[in-house]
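This briefing goes through a single protein model. Please keep the sequence and the coordinates open while reading.

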Amino acid sequence: MRYFQLLFTLLLTLGLVWFLNTSNPLGIEPLPPLGKLLNPYGGFWQNAEAFGEYDSKGLSLPGLSGPVNIIYDSRMVPHIFAENLKDALMAQGYVVAKHRLWQMDLAARSGAGRLSEVMGERTAEYDRFQRRRGLYRGAEASLKAWARAPDTMALLQAYTDGVNAYISTLKPKDYPVEFKILDYAPEPWSPIKTGLVQKLNTALLCFRETDVEATNTLAWLGEDVFRSLFPERPQFESSIVPDSCQWVDSLQAPSLSAVPPGPMGFWDVDLMPKPDRDLGSNNWAVSGKKTSSGSPILCNDPHLPLSLPSLWMEMQIHTPDMNVYGVTLPGLPGIVLGFNEYVAWGWTNAGHDVLDWYEVDWTDPAKTHYLFDGQQKAATVVVDTIKIRGSKPVLDTLVFTHWGPIVYQDAKHPKRNLAMRWAAVEEPGASELGFLLGINAARNYDEFQKASSGFHFPGQNMAFAARDGDIALTVTGRFPIKGREQGRFIQKGDNSASFWSEFIPFTDLPRMKNPKRGFVSSANQLSAGPNYPYYYNGDFNVYRGRYADRRLAERNNFTIYAMMDLQTSNFSILAEEALPEMLRLLDTSRLTAIEQGLVQLLGTWDYQFHSFKIPPVIFDEWWHALDTTLWDEFHTIRDTLAVMQPERWRTVQLLKEDPMNGFWDILATPERETPQQTVTEAFRRAIRLLRPRLDEADYNWGKHHAVQINHLARLEAFSAPPLYPGGYAEALNATRPNNGPSWRMVVEMGPEIKAYGVYPGGQSGNPGSPYYDNFLEPWAKGLYFPLFFMSSEKDRKQDILYEEVLSPL
């Protein structure tokens, strides 16, 4: 083994020398000193690990009140046993830092807009973006609120102390390899960095809105066409909480007038990057009357960006008052998604719009004052300094209004500016920090709801199942009370009528408990049925939730394994509804013999996006070609103006019901095309693009739809080779090239809890560890690991890798 390691180290060293001398993927300026990096006594090779190379040496931590035993199972999952919660969280901070320190540092720097300090000019614009949208200000606001709950802040400080205790043990030779490659040292952790990690993940899930695009699209198309193409409720929907499951008669929303669009006309602005609209998740809980065991089963799989190191880290935390298992986000104390001895929970993103844009009415050319409710208000100017490694600092002038920062300036009309109000960076309640620990310790529905009421952002659909038999789902978060269409378009910023100041009470949020149908579910669709009295807008999925509801309603006697099959289902309702209409309109007389053969292949397809199949490839390319051909007006104007794009369900509706719609015409031709001509032209375009690949003997959906999981710093040597799973954006197994199910969990809440899970990556953040990416292949194949929910330190139902004891100093 030692000779193998020596050979491996030599080859890796030579390879890295070549790599660093021929490429610079990070744009690091300057490159790290090679002698320091390749030093055999302190360079990168010190980070190599092998199976079994772990000892049980202990460590003394100042602040611990008693010993903490950390037991690592055969998958490197730490099980923390402590005599109280404070000691447990200090140990959690220590353990997470031990395995994910560089990832934690990167997340905190990213949220603060400080990447350029270590990566140089290449990330300067990203840092400017992060600072302008206010993640650091949001973290400061959270810290101010958390300080009002001193007991909970003491727990956060314990977590922080655990992280720093690990950092204090490190010498430069022990640094994670990314610190060595980037040639910088880890900083001490602090509570503000936990706030930054929280805000960074919040931004991933609730920074999406289309106010500018909607305003431009309305001005471009006119009222009638806009309303026809972009209704707020889709024709096909299966809301999370249907009217039949909700006590809507008891809800009385405030009577607010509809808010008309603000400044009409076009806005020529360079939009900030937004999260992928196909990020989402699935969750459901099934009551015991629909399971073979008679016990509730809960399932959850959040669809998020996939990376190495992985977004999640799996662990168990055990104290005399709490025994909880699941996954945590490195940098946050507690378990985010998981279960304890009494309850299980899982989240999906609610998708509500909590970010609005306002046109500022300046009163002077210098833009120092603006008009609000007939009075002049002074803007606040802040000069921000972005430090850049290897270069002079960049100064960025930020202007703030009472709405928030000025972010956009119209390129054609420089006097026009838009201010951003984003609820997620405003000061939350004091209970926001403690809600997660409250959920971790909940023993029943009432305790879970009490803890959930402290949750604010990003809004989530929280599914729940308990060992006592209860199942439930609540749309949880802090959602503004709005008038109809308030925040759908850019609004006037000169009066308080556009200002929302209150939030929907927690008791009025959509929810259901133990519905007669025997299940609850969500997949990012509309939160509530049309009778829900509060207005909300946002980004909602149409297809995955409908399929989950169909499958959950049509059968009983569910088992854990049936739930795994459903969670990894590659079936798509979009394909089921769209393809028959596309085939009906296809003019096969215009096709070649080869094209007709491909049509026959499509005609026998079962709408499953399995990796080994060819029809999904043809459908996917045809669907994209149809979108480009049918909506060519939108694709053309988007080169010069930010506009909305018709939803997928709207394309299906046109295929089924609207043969006379003017959008069937192709702009680039003098003729007026019929639906048949446009659909046929799209098919032929798709096949022309596909022919070279279809001629390959082993080409299939897996190859066409390969998943690439990259290292967080885009270091190719530390990234995974392409994976070829099945799945589709509009299937429950919503894999995409760079995102997908980031954690699959199935939990049966019986007398003995049975739980299974998997995520794409590994427990270690060290690319030199065998536990860095050892979950990738099982995840790609749709396999699950049994989760070792230890009842005590003596539990040995599964193999143990090693133990580590932390002692008071």
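Predicted model: local features only at pLDDT ≥ 70, side-chain atom pairs only at ≥ 80, totals over all residues.

Residues are numbered from 1 along each chain as its sequence is written, and side-chain values use heavy atoms, with hydrogens and water left out. Helices (H or I, at least four residues) and strands (E, at least two) are DSSP runs numbered from the N terminus.

**Nonpolar cores**

- A nonpolar core is a set of buried Ala, Val, Leu, Ile, Met, Phe, Trp, Tyr and Cys residues joined through side-chain atoms within 4.5 Å. Buried means under 20% relative accessible area, exposed means over 50%, and partly exposed lies in between (1.4 Å probe, protein chains only).
- The largest nonpolar core contains 148 residues, and those with the most contacts inside it are Trp312, Phe339, Trp347, Trp357 and Trp422. Helix H3 (residues 85-112) gives the most to this core, namely 14 residues.
- Another core lies apart from it and has 75 residues, among them Trp284, Trp622, Trp664 and Tyr699.
- Not counting residues up to four places away in sequence, Phe339 touches residues including Asn323, Tyr325, Trp345, Met745, Ile753 and Phe789; contact means heavy atoms within 4.5 Å.

- Two strands pair if DSSP finds at least two bridges between them.
- Strand S7 (residues 313-319) and strand S8 (residues 322-328) run antiparallel and are joined by seven bridges. Within this pair, Ile317 stands opposite Val324 in S8.
- Axes are lines fitted to C-alpha atoms, for helices over the stretch in contact, and angles run from 0 to 180 degrees between N-to-C directions.

- Seven of the seven residues of strand S18 (residues 460-466) are buried, so the strand is largely enclosed by the rest of the structure.
- Gln460, Met462, Phe464 and Ala466 point one way from S18, while Asn461, Ala463 and Ala465 point the other way.
- Strand S10 (residues 343-349) is antiparallel to S18, with seven bridges between them. Thr348 stands opposite Asn461 in S18.
- Strand S19 (residues 471-476) pairs with S18 in the antiparallel sense over six bridges, and Asn461 stands opposite Val475 in S19.
- S18 and S19 form a hairpin with four residues between them, and Gly469 in the turn has a positive phi of about 110 degrees.

**Helix pairs**

- The axes of H18 (residues 615-630) and H20 (residues 648-657) come within 12 Å and cross at roughly 80 degrees. That makes H18 roughly perpendicular to H20; 65 to 115 degrees counts as roughly perpendicular, under 35 as roughly parallel, over 145 as roughly antiparallel, and the rest as oblique.
- Trp623, Leu626 and Leu630 in H18 meet Arg648, Thr651, Val652, Leu654 and Leu655 in H20.
- The axes of H17 (residues 593-603) and H21 (residues 675-694) come within 11 Å and cross at roughly 95 degrees. H17 is thus roughly perpendicular to H21.
- Ile594, Glu595, Leu598, Val599 and Leu602 in H17 meet Phe683, Arg684, Ile687, Arg691 and Leu694 in H21.

**Two buried residues**

- His303 lies in strand S5 (residues 297-305) and is buried, with a relative accessible area of 1%.
- A polar contact of 2.7 Å joins the side chains of His303 and Asp301. A polar contact is a pair of N or O atoms within 3.5 Å; within protein, one must be able to donate a hydrogen and the other to accept it, and residues adjacent in sequence count only if both atoms are side-chain atoms.
- Arg650 lies in helix H20 and counts as buried at 5% relative accessibility.
- Leaving aside neighbours within four places in sequence, Arg650 is in contact with Ser228 and Leu229. The Arg650 side chain reaches the backbone oxygen of Ser228 at 3.1 Å.
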